[in-house]
Amino acid sequence: MPLPAEEKFRCDILSWGGIVRDSRRLSWMIRDSEYKPEIIIAIGRGGYVPARILCDYLLIHDLASIKVEHWGTAVMKEEAIVKFPLCAPIRNRKVLLVDDVTDSGDTLKVSLQHLKKFRPQEVRTAVLVHKTRSAVTPDYFLKKIIKWRWVIFPWHVMEDLTELIQRLKAGGVSSEDELRSILKQRYDIDASINTIREVLSFIG
């Protein structure tokens, strides 16, 4: 089946073990910088897990979050918006703002603007993966992506696979074997038949 060029892009699927290891290494970078945040704020939803792991490795007990909406699976919405604002006091406090990845940079930019309204003493940013096309460079990041690709973190594997398979089905792809083949060919995703069947059970 011929594949439209605009619908073909590489995906990297990260593992839970790799995320824990990378979060620990990210905490070392923050410690080495001698920045001592008093509270970590996660950008939901992608920042929830790395933020909690960083709390552990940095021995920080205060964890809050904001919810920003901007992305579907490799599809950017018109603009980033804060859906659920900050509910924790951060006035005159040192803050570490955490997300999983920077892509366009809009999510981080909007989040920083939102936090400034609460008059923190200082805000620094940390992500696991930074794409260099981002308009905002975080203060701390572990991995850098120069040539764009979509990163699938372990907390949204099924969500992303569901969206991709729905796109393929809308384009006329129906059989499990064909879905598996095109996922590999188009997105470099090596999904098992059992995983595809599970996704299809969600779709109905």
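Biologist: Where is the place of Arg-45?

Modeller: Arg-45 sits in the loop between strand S2 (39-44) and H2. Keep in mind that this is a predicted model. The bond joining Gly-44 and Arg-45 is a cis peptide bond.

Biologist: What is omega there, for the bond that joins Gly-44 and Arg-45?

Modeller: Omega is about 10°.

Biologist: And why do the side chains of Arg-45 and Glu-159 count as a salt bridge?

Modeller: The cut-off is 4 Å from a side-chain nitrogen of Lys or Arg to a carboxyl oxygen of Asp or Glu. Arg-45 and Glu-159 come to 2.7 Å, N to O, so the pair meets the rule. Between domain 1 and domain 2 the count is 1 salt bridge.

Biologist: What else is there across the interface of domain 1 and domain 2?

Modeller: There are 2 residue pairs in polar contact, both at pLDDT 80 or more. On the side of domain 1 that touches domain 2, helix H1 (16-32) and helix H2 (48-58) each supply at least two residues. That side divides into 6 nonpolar, 3 polar and 2 charged residues.

Biologist: Which residues make up the two domains?

Modeller: The domain assignment gives 16-148 for domain 1 and 155-202 for domain 2. Their contact takes 11 residues from domain 1 and 7 residues from domain 2. Taken over C-alpha atoms, the centres are 30 Å apart. The area buried between the domains is about 670 Å², with carbon and sulfur atoms giving 55%.

Biologist: What makes Asp-12 and Arg-149 a salt bridge?

Modeller: Same test: the closest N and O atoms are 2.3 Å apart, and the limit is 4 Å, so the pair qualifies. The structure holds 15 salt bridges.

Biologist: How do you know which residues have pLDDT under 50?

Modeller: The mean pLDDT is 92, and 93% of residues reach 70 or more. Over residues 1-6, though, pLDDT stays under 50. For that stretch the model has 7 contacts beyond four places in sequence. Where pLDDT is low, predicted coordinates should not be read in detail.

Notes
Residues are numbered from 1 along each chain as its sequence is written. Side-chain values use heavy atoms; hydrogens and water are left out. Domain bounds come from an automatic or database domain assignment. Contact means heavy atoms within 4.5 Å. Buried area is the accessible area (1.4 Å probe) that two parts lose on being put together, summed over both. A polar contact is a pair of N or O atoms within 3.5 Å; within protein, one must be able to donate a hydrogen and the other to accept it, and residues adjacent in sequence count only if both atoms are side-chain atoms. Helices (H or I, at least four residues) and strands (E, at least two) are DSSP runs, numbered from the N terminus. Ala, Val, Leu, Ile, Met, Phe, Trp, Tyr, Cys and Pro count as nonpolar, Asp, Glu, Lys and Arg as charged, and the others, Gly among them, as polar. pLDDT is the predictor's confidence in each residue, from 0 to 100.
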